[in-house]
Amino acid sequence: MTQHVPAALPDRIRHYIDGAFVDSVDGDTFDVLDPVSNETYVQAAAGKQADVDLAVAAAKRAFDEGPWPRLLPRERSRILHRVADAVEAQDARLAELESFDTGLPITQALGQAKRAAENFRFFADLIVAQHDDTYKVPGRQVNYVNRKPIGVAGLITPWNTPFMLESWKLAPALATGNTVVLKPAEFTPLSASLWADIFRDAGVPDGVFNLVNGLGEDAGDALVKHPDVPLISFTGESSTGQLIFANAAPFLKGLSMELGGKSPAVVFADADLDDALDATVFGVFSLNGERCTAGSRILVERSVYDDFVERYAERARNIVVGHPNDPATEVGALVHPEHYEKVMGYVEIGKTEGRLVAGGGRPEGFPTGNYVAPTVFADVPPTARIFQEEIFGPVVAITPFDSDEEALALANDTKYGLAAYIWTNHLKRAHTFSQNVQAGMVWLNSNNVRDLRTPFGGVKASGLGHEGGYRSIDFYTDQQAVHITLNQAHSPRFGTGGPLQAAH
């Protein structure tokens, strides 16, 4: 099957600032590769400090002077529902572009496009339905929370499911009345460029949404350090998150960071092993393994370990690796040659640390492109690098355990703490283990199924803060407490020369 190139690709990817597509101030560009041929298919404007300054200025004007923060929630909601309608109407085209740009299998890219629409619909509904706290002291005082948008939100998004993850930040930021500057990942800028027309056609005023492409060390760094950007929401690597944390500190910015993961999937002998097998295969090999919540360490109780490893390896060897645009493909091409080299480096390390039972190199029939055969290592000790470090590809480490205590120690034995997956039919164990595992999110007898009302985030090196549902509303708004006295204030009378009278 030959490489599929979508029709009507742009001649260049530009920034979008204050309602207009523009080139970089200095005219600089960078190459964008497709992951099947690794050839440059388009050039994108390379944003720097000057471009970020223009975008932030436009966003600040739109916030300070424009209608967006002052619209009634219902009015913003109608516009965001139109955004969702537009995404749904072109989901096949979005998926085609996303698959071409990222290497994701087309069927999975289509699912991500549909989720992007749902993210906008969810927050469009939430801002109309939301309520804030009011407290009454009978006869004396009423206190209430006045929620206000904060200003310009800087959104920095990753390359693994770019359009969906952009929607996850854009929807709550805009729903709550903020204006935004989006800096998408430089590996995958194609689908982000579609937001501009979607927002404009839906009725979002100029300057409310701004887009600056570029490298993280240039455009991303300028956005984090800009004094007129009080909020930064970032999804990406933990090491980049540490740098953003340090650079935002002098400005005391609000930060929400969803970082890396090395999530355990713990399979007890009493689990429904067929279901556990389905979920753990899907959990690490879907989205080409390029997912922060991948269950990339599978811990299996020893009495079922050998059988589980044998069946898991067989499933992995039968996963369909193929061109991203083929509906039959289950694992496509990794996003970029730099990332391919990183993942293949871990595969070679793994061969010295565990027992290779599936994959271990290029899949047959794919001499070029960023293709990695689904790779399974068994008998991996917790000291191994492939047990401890995030690989972010179709590579999994399987490790046996003998007791609940050992399983918990192994599950918690990394610097990360994003997700955990627990497979058992023992009720007490399920809850006890879930509550003691060091993870921001736990799925019991389930693969990764998101409920947008729940908090999304990690502990330890996996993140700072939570988004999702009201947590997103909290992050993107100031909660101002307003106190009203209903009768005489009864303040102590300083400066009267007489004895102090305590307030009644």
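How much of the chain over residues 22-482 is helix and how much is strand? I began there, since UniProt lists residues 22-482 in an unreviewed entry as "domain: Aldehyde dehydrogenase", with positions in the numbering used here and annotations that may be inferred rather than shown by experiment. I found 40% helix and 19% strand over that range, with the end C-alpha atoms 43 Å apart; helices (H or I, at least four residues) and strands (E, at least two) are DSSP runs, numbered from the N terminus.

I noted that this is a predicted model, in which local features need pLDDT of at least 70 and side-chain atom pairs count only at pLDDT 80 or more, while totals for chains, interfaces and linings use all residues. Residues are numbered from 1 along each chain as its sequence is written, and side-chain values use heavy atoms, with hydrogens and water left out.

Next I looked up Glu-258, which the unreviewed UniProt entry annotates as "active site" and which lies in strand E11 (residues 254-258). I record Glu-258 as buried because its relative accessibility is 8%, where buried means under 20% relative accessible area, exposed over 50% and partly exposed in between (1.4 Å probe, protein chains only). Setting aside residues up to four places away in sequence, I listed Phe-234, Thr-235, Gly-236, Cys-292, Leu-418, Phe-456 and Ser-462 as touching Glu-258, contact being heavy atoms within 4.5 Å.
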